[in-house]
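Hello,

Here is the structure I promised to pass on. Please have a look, then read my notes below.

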Amino acid sequence: AIRSVNDQWGVFSRSRVQLLPHQLWVCRQVTQHWPARWMVADDVGLGKTIEAGLILEPLIASGRVRRILVLAPARLVPQWRARMKTMFDIRLQEYTADGDRGRVSFWETAQQVVASFHTMRMDKPRERLLVAEPWDLVIVDEAHHFQAQERASTLSYGLLRELQDAGRINSLILFTGTPHRGKDFGFLALMQLVRPDLFDPEQDIMDQLPALSQAMIRNNKALVTDMQGNKLFQPVTTEAVDYSYSAAEAAFYNTMSEFILDGRAYAAHLSGRQQTTRMLLLIALQKLAASSIAAITRALTRRRDMLTRTILGGLPVDTAEAETMDEAAEAEESRPSEVTVLLMKDEIARLDEIIGYANEIEGETKVATLIKLIETRLEPEEPLLLFTEYKATQALVLSKLEARFGKGCAGFINGDER
């Protein structure tokens with residue numbers, strides 16, 4: 001009886017996590033019929049990695065799965081491996097291209113693997129994977145990266161499609177918090193990978209929506225509870241807090257705005273790639289300026305130094321698909337110092353002017369306002385979570401918090417594995 005219950009729910013496990021009802025429900029839905037073909041599209045923050053572990057445990061214990069392949073963005077591969085080991089004692093072997101260069105293929109000995117789908121879509125790893133023994137279960141994290149369009153698909157989508165067509169996937173589970181990204185064709189193409197018998201991107205989506213409940217699970221933050229039935233997430237309340245720039249900040253932002261407008265005007269007279277390169281750079285500069293003066297000043301200083309070394313010529317803009325929002329932000333922070341095309345004829349002189357205004361600013365009003373809010377609104381020992389898009393802004397806020405509340409008062413996470 002215990003074994004029967006555990007095979008369905010996975011509740012008698014070695015997992016070192018506090019289980020939640022919606023996670024157990026996902027486990028039951030996925031494992032009650034085999035082979036399993038599902039998209040799990042829970043809201044961000046509901047523990048999809050834990051759900052994956054809960055699904056794997058009873059399947060491994062009951063012997064229904066032996067060969068497991070987890071495909072994830074490169075930066076999440078170490079996290080998947082660590083969490084499966086520490087939380088569920090599931091030991092996934094990490095695939096690396098360097099470890100698969102010999103005559104004997106990596107896949108001939110590996111049974112439970114986690115791999116970067118950005119690595120696997122390259123020619124050599126892809127060729128070897130496609131001829132490997134079929135997988136009992138393939139799990140895909142951040143599945144929204146597997147995009148298909150009417151005329152073209154991402155390499156990641158093509159990889160999964162080839163595995164499917166080659167008969168290498170028995171059961172398939174896609175995890176994503178954003179299953180539909182505004183285009184019906186892309187969404188239905190993903191669902192077609194899951195259930196080709198139910199979905200077709202070439203057909204009307206309205207005729208296919210009634211079948212979603214047979215292939216997609218989606219838990220909403222507003223509805224999930226703990227084991228006692230208490231809601232985990234309270235309704236969000238927002239409040240706008242106004243503040244005014246100092247005179248030095250106002251001078252800086254006015255000059256920065258003029259620089260952006262002049263750069264747009266200069267780019268408008270160009271065409272094709274020359275215009276696109278400059279417009280992407282100007283957008284990145286605008287976003288950095290909106291984050292903090294520290295972030296934009298750091299970027300402009302690096303750009304000025306780079307331009308003094310090499311003014312002529314140009315480097316192509318990196319249009320590679322960002323794996324995470326962290327990577328997208330990093331690309332924006334680095335773009336000003338990597339794109340060598342001039343935004344205007346007198347750009348270096350204009351950058352010197354902007355940086356000069358930035359050096360006259362003694363402190364950012366936005367951060368000072370934040371410190372005041374913490375002092376006046378928070379109770380002692382009340383936790384606070386702050387989000388920044390760029391590392392330079394994060395470093396600024398962290399330094400100001402430690403200056404006011406003491407060394408070690410705050411920690412940080414920014415994708416640097418520390």
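How many residues of strand β2 (residues 68-72) are buried? The count is 5 of 5, and the strand is mostly covered. Keep in mind that this is a predicted model.

Both faces of β2 are covered. Ile68, Val70 and Ala72 lie on one side, and Leu69 and Leu71 on the other. β2 also has strand partners. It pairs with strand β4 (residues 112-116) in the parallel sense, over 5 bridges. There, Ile68 stands opposite Gln112. β2 pairs with strand β5 (residues 135-140) as well, again in the parallel sense, over 4 bridges. In β5, Ile139 is the bridge partner of Val70.

Next, Thr255. This residue sits in helix α10 (residues 247-268). Thr255 counts as buried because its relative accessibility is 9%, and buried means under 20%. Leaving aside residues up to four places away in sequence, Thr255 touches Glu353, Ile354 and Tyr357.

Now the cavities. There are 2 of 30 Å³ or more.

Among the residues lining the second largest cavity are Tyr243, Tyr245, Glu249 and Lys366. Its lining has 4 nonpolar, 2 polar and 3 charged residues.

Best regards

Notes. Residues are numbered from 1 along each chain as its sequence is written. This is a predicted model: local features need pLDDT of at least 70, side-chain atom pairs count only at pLDDT 80 or more; totals for chains, interfaces and linings use all residues. Side-chain values use heavy atoms; hydrogens and water are left out. Buried means under 20% relative accessible area, exposed over 50%, partly exposed in between (1.4 Å probe, protein chains only). Helices (H or I, at least four residues) and strands (E, at least two) are DSSP runs, numbered from the N terminus. Two strands pair if DSSP finds at least two bridges between them. Contact means heavy atoms within 4.5 Å. On a 1 Å grid over the protein atoms alone, a cavity is a set of points where a 1.4 Å probe fits but cannot get out, and a pocket is an open set with protein on both sides within 12 Å along at least five of seven lines; lining residues have an atom within 4 Å of a point. Grid points are joined across faces, edges and corners, and a volume is the space filled by probe spheres set on the points. Ala, Val, Leu, Ile, Met, Phe, Trp, Tyr, Cys and Pro count as nonpolar, Asp, Glu, Lys and Arg as charged, and the others, Gly among them, as polar.
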